[in-house]
Amino acid sequence: MPRLTFDAVNQRKPGCPKCGYKETFVFISNLEERREVFALFEKKRTIEAIGLIRRLGGCDLVSAKATYQHFANLDGTCHRCGTPVEQSLISDCPKCHSVNIRYDEEE
């Protein structure tokens, strides 16, 4: 099965089948910038991470927050149900179908 892309997820409505989120998930093309955001996530610096997503992604607060809330857990499991998810930039959980984002992964 081919890996999901941000474009593919953002074209489907809802983008996240589990929560019904219909707006755009923020893709930051520069890997080092994504890793900078992910480092803040690892340190649980939520406000700073969301602010950086907004600045780097040129997006509104709603999109930045939704993107952040869909980050996979640090142990590689779904942020919603805890099932192991594909280690890729963006994927759907095989169990609950929630979108999971890993800004530390390459495209």
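Predicted model: local features only at pLDDT ≥ 70, side-chain atom pairs only at ≥ 80, totals over all residues.
Me: Start with H3. What span should its 12 residues have?
Reply: Helix H3 covers residues 46-57 and should span 16 Å at 1.5 Å a residue. Its end C-alpha atoms are 16 Å apart, which agrees. The expected span is 1.5 Å times one less than the number of residues. Helices (H or I, at least four residues) and strands (E, at least two) are DSSP runs, numbered from the N terminus.

Me: Which residues of H3 are buried?
Reply: Ala49, Ile50, Leu52 and Ile53. Buried means under 20% relative accessible area, exposed over 50%, and partly exposed in between (1.4 Å probe, protein chains only).

Me: Why do they count as being on the same side of H3?
Reply: Because they cover an arc of only 160° around the axis. The arc is that of the directions from the helix axis to the C-beta atoms. As background, an α-helix has 3.6 residues a turn, so residues three or four places apart point the same way.

Me: And the other side of H3, which residues are exposed there?
Reply: Ile47 and Arg55 are exposed there.

Me: What do the buried residues of H3 pack against?
Reply: Helix H2 (31-42) and helix H4 (61-69). Contact here means heavy atoms within 4.5 Å.

Me: What comes just after H3?
Reply: Gly58, with a positive phi of about 60°.

Me: Switching to cysteines. How many disulfides?
Reply: The count is 0. A disulfide is a pair of cysteine sulfur atoms within 2.5 Å. Cys16 is in none, and its nearest cysteine sulfur, that of Cys19, is 3.7 Å away.

Me: Are Cys16 and Cys96 buried or exposed?
Reply: Cys16 is buried, with a relative accessible area of 0%. Cys96 is buried too, at 13%.

Me: Now the rings. How many aromatic pairs?
Reply: The count comes to 8. Rings of Phe, Tyr and Trp (its six-membered ring) pair if their centres lie within 6.5 Å; planes under 30 degrees apart count as stacked, over 60 as edge-to-face and the rest as tilted. One of the pairs is Phe41 with Tyr68, edge-to-face, 5.5 Å centre to centre and 80° between the planes.

Me: Where do those two sit in the chain?
Reply: Phe41 is in helix H2 and Tyr68 in helix H4, 27 residues apart, so the pair links distant parts of the chain. Phe41 counts as buried at 15% relative accessibility. Tyr68 is buried at 9%.

Me: What is the geometry of Phe41 and Phe71?
Reply: Edge-to-face again, 5.1 Å centre to centre and 90° between the planes. Phe71 lies in the loop between H4 and strand S1 (90-92), 30 residues from Phe41.

Me: Which residues do ring pairs link into a cluster?
Reply: Phe38, Phe41, Tyr68, Phe71 and Tyr103.

Me: Last one. Where is Glu23?
Reply: In the loop between helix H1 (6-11) and H2. Glu23 is partly exposed, at 46%. Beyond neighbours within four places in sequence, Glu23 is in contact with Asn10, Lys13 and Ser63.

Methods
Residues numbered from 1 in each chain as written. Heavy atoms only, no water.
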